[in-house]
Amino acid sequence: MFDTGRPSWQNPRVLAILLVVFLAGAVLGALTMREGLHARMHAGSIWKNDSLVSYDKLTKELKLTPEQSRQLKMILDDYARYRQDLQVQLDDWKATGKNQILRILDPDQRARFEKLVAEK
C-alpha cells in the first residue's frame with residue numbers, strides 16, 4: 001500500500017496535497033486582506049479606490065511649485081510602472097498555480113474546476 005522506499009514527503013500525492021493546501025491558504029489570505037484588512041491599514045492615506053489621488057488634484061489642492069509638480073509627476077509615473085510590473089507578476093503567479101492544479105486533475109475534474117473558477 002505504501003511505498004516505503006522513499007520518504008513520504010517525496011510521494012506525489014503528498015506533494016499535491018501540500019500544493020493544494022498552500023494555494024488554498026494563499027487564496028484565503030489574499031481574500032481576507034482584500035476584503036477586510038486592506039481598508040483598515042490604508043485608512044487616512046492618499047490612496048483612493050486602490051490608486052493615488054490624481055496628479056492634477058494634488059497639484060491644485062496642495063499648490064505645488066513647478067519643481068514639486070515635476071517631482072510628483074516622476075513619482076506617480078514610477079508608481080504606475082511599478083504597479084503594472086506587480087500586476088504582471090501576480091497574473092503569472094495565478095496562471096502558474098492554476099496550471100499546477102490542472103496537472104493533478106483528471107479530465108472530468110478539470111472541466112468542473114474550470115466551471116468553478118468561472119463562477120467567481
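Arg 81 and Asp 78 sit 3 residues apart in helix α3, which means about one helical turn separates them. I took helices as DSSP runs (H or I, at least four residues; strands are E, at least two), numbered from the N terminus. The model is predicted, so I kept local features to pLDDT of at least 70 and side-chain atom pairs to pLDDT 80 or more, while totals for chains, interfaces and linings use all residues. Residues are numbered from 1 along each chain as its sequence is written, and side-chain values use heavy atoms, with hydrogens and water left out.

**Entry: Arg 81 and Asp 78**

I looked up the side-chain pair and found a salt bridge between Arg 81 and Asp 78 at 2.3 Å, N to O. The term requires a side-chain nitrogen of Lys or Arg within 4 Å of a carboxyl oxygen of Asp or Glu. Side chains of opposite charge can pair when their charged atoms come close. For accessibility I used relative accessible area: buried is under 20%, exposed is over 50%, and partly exposed is in between (1.4 Å probe, protein chains only). Arg 81 is partly exposed at 46%, and Asp 78 is partly exposed at 42%.

**Entry: the other pairs I checked in α3**

I noted a salt bridge between Arg 70 and Glu 67 at 2.6 Å, N to O. Arg 70 and Glu 67 are 3 residues apart in α3 (residues 66-104), about one helical turn. Arg 70 is partly exposed at 43%, and Glu 67 is partly exposed at 38%.

Lys 73 and Asp 77 also form a salt bridge, at 3.8 Å, N to O. Lys 73 and Asp 77 lie 4 residues apart in α3, about one turn. An α-helix has 3.6 residues a turn, so residues three or four places apart point the same way. Lys 73 is partly exposed at 40%, and Asp 77 is partly exposed at 31%. I recorded 5 salt bridges in the structure.

I read 39 residues in α3 and a reach of 58 Å from its first C-alpha to its last, close to the expected 57 Å. The expected span is 1.5 Å times one less than the number of residues. Buried residues in α3 include Leu 72, Leu 76, Ile 101 and Leu 102.

Which residues make up the largest nonpolar core? I listed 5: Leu 23, Ile 101, Leu 102, Leu 105 and Phe 113. Such a core is a set of buried Ala, Val, Leu, Ile, Met, Phe, Trp, Tyr and Cys residues joined through side-chain atoms within 4.5 Å. Leaving aside neighbours within four places in sequence, Phe 113 is in contact (heavy atoms within 4.5 Å) with Lys 98, Ile 101, Leu 102 and Leu 105.
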